[in-house]
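Let's take a friendly walk through this structure together. Keep the model open beside you as you read.

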Amino acid sequence: MAPSTPFLAIDLERMQANIARAAEAATARGIALRPHAKTHKTIEIGRMQLAAGAHGLTVATVGEAEAFAAAGLDDLFIAFPLWIDGDRAARLSHLTAAGAAISIGVDSVEGAERIARAGLAGRVAARVEVDVGHHRSGCAPERAGEVAVAAAGAGIDVEGVFAFPGHAYAPDARAEAARQEAAGLRVAADAMRSAGLAPMVVSGGSTPSFAAALEVDSPVTELRPGVSVFGDAQQWELGTIDPTAIALTAHATVVSHAGGRMVLDAGSKVLGPDRAAWASGHGRLLDHPEARIVQLSEHHAVVELPGDLPPLGSRVRVVPNHVCMAVNLVDELHVFDRGDDERASTRWRVAARGRND
């Protein structure tokens, strides 16, 4: 029996092909792959990525690290400049005492000193985050040596530097973002060397800049794509992924033809509310590329579609704009190993759902 809509579904064959494609591209250039697991938050998928050649996983929070480490996926980089408090210090200590290899981000001298004061020296390693153009977190690349020296002086093992070229999430920005990332990471790695510390890891990457980062002259030794495991409507519209490779969709039912438009039972509580300024709508329909979601409420998606509308009660596959947010809204993912046959599904728990601490 097919499950009731709405629900998130994985096309297993497409997802496995996406995992293999990223691993093979990185391996061919001698670059380690550490996929960002905040996209899928799912143990089974993390295991597949490691089996395909990933050197470990990236996560965003201590909670996500705990979820993956509990399942034995315990080579983890928390790519965030954690501000360590007593609770996080105790949890990180517990993870490393249980055998997990944990690296965390730091982008200030104060942050490095706080890691040491929390008693984490000798327990966790650190990577210095630098800003390569996204202008979110990260110190200036030329200050990476200063932050690294502060961490090392406090007894913390400094593995190297990392960056997130998030400004690649814009039309026609991928190549330039990859160039800026390469230039910024080179400055940061040189700053560490000038301070007498060798950067063993130079880590970068995002899904939109992934292919470009493999082509430019770059010092990166590791890349951390996340969304590439599934694809989403943002990547479709940026030209990063072909719709035939999109591996996660929300299955929804046509519940109304009010106003001559198609209304679906998958709203923002399933698809997520994200919509970039340049996006053409609130998501895309995989099998109707000419359609646009023009209105999104909590439980409704209103779709304009030229021509005849699918009949009431029929099902469609919706590609969320930002797949990471959609996954974090559900408890489980339906996994189809025979295309979109809804009767041939198993279910995987979203183990790190809501682990935002």
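Start with Lys 41, which you will find in the loop between β2 and α2. This is a predicted model, so every value here is computed from it. Is Lys 41 buried or exposed? Lys 41 counts as buried because its relative accessibility is 4%, and the cut-off for that word is under 20%. Its side chain makes a polar contact with the side chain of Glu 64, at 2.7 Å. Leaving aside residues up to four places away in sequence, Lys 41 touches Glu 64, Phe 68, Asn 328, Val 350, Ala 351, Ala 352 and Arg 353.

Next, look at the sheet. Eight strands make up an open sheet, and their order is β2-β9-β8-β7-β6-β5-β4-β3, with parallel pairing. At its edges are β2 and β3 (57–59), each of which pairs on one side only. The partner of β3 is β4 (residues 75–81): the two pair in the parallel sense over three bridges, and Leu 57 stands opposite Leu 76 in β4. Helix α6 (residues 144–153) packs on this sheet, where it touches β5 (101–106), β6 (125–129) and β7 (157–162). The direction of α6 makes about 160 degrees with that of β7.

Now move to β6. How many of the residues of β6 are buried? Five of its five residues are, so to speak, under cover: they are buried, and the strand is mostly covered. Ala 125, Arg 127 and Glu 129 point one way from the strand, while Ala 126 and Val 128 point the other way. On one side, β6 pairs with β5 in the parallel sense over four bridges, and Val 106 stands opposite Val 128.

Nonpolar side chains tend to be buried together in soluble globular proteins. Here the largest nonpolar core has 59 residues, and those with the most contacts inside it are Phe 68, Ile 78, Leu 92, Ile 102, Val 128 and Val 130. Not counting residues up to four places away in sequence, Val 128 touches Val 106, Cys 139, Ala 144, Val 147, Ala 148, Val 158, Gly 160, Val 161 and Phe 162. A second, separate core has 37 residues, including Leu 12, Val 229, Ala 250 and Ala 291.

Leu 12 brings us to helix α1 (residues 12–28). This helix has 17 residues and reaches 24 Å from its first C-alpha to its last, close to the 24 Å expected at 1.5 Å a residue. After the helix comes Gly 30, with a positive phi near 70 degrees. The buried residues of α1 are Leu 12, Met 15, Asn 18, Ile 19, Ala 22, Ala 23, Ala 25 and Ala 26. An α-helix has 3.6 residues a turn, so residues three or four places apart point the same way. What do the buried residues of α1 pack against? Their partners are β1 (7–11), β2 (32–33), α2 (43–51), α8 (210–213), β16 (332–336) and β17 (345–349).

Our last stop is Gln 234, in helix α9 (residues 233–238). Gln 234 is buried because its relative accessible area is 10%. Beyond residues up to four places away in sequence, Gln 234 touches Tyr 169, Ala 276, Trp 278, Asn 321 and His 322.

Methods
Residues are numbered from 1 along each chain as its sequence is written. This is a predicted model: local features need pLDDT of at least 70, side-chain atom pairs count only at pLDDT 80 or more; totals for chains, interfaces and linings use all residues. Side-chain values use heavy atoms; hydrogens and water are left out. The expected span of a helix is 1.5 Å times one less than its number of residues. Buried means under 20% relative accessible area, exposed over 50%, partly exposed in between (1.4 Å probe, protein chains only). Contact means heavy atoms within 4.5 Å. Two strands pair if DSSP finds at least two bridges between them. Axes are lines fitted to C-alpha atoms, for helices over the stretch in contact, and angles run from 0 to 180 degrees between N-to-C directions. A nonpolar core is a set of buried Ala, Val, Leu, Ile, Met, Phe, Trp, Tyr and Cys residues joined through side-chain atoms within 4.5 Å. A polar contact is a pair of N or O atoms within 3.5 Å; within protein, one must be able to donate a hydrogen and the other to accept it, and residues adjacent in sequence count only if both atoms are side-chain atoms.
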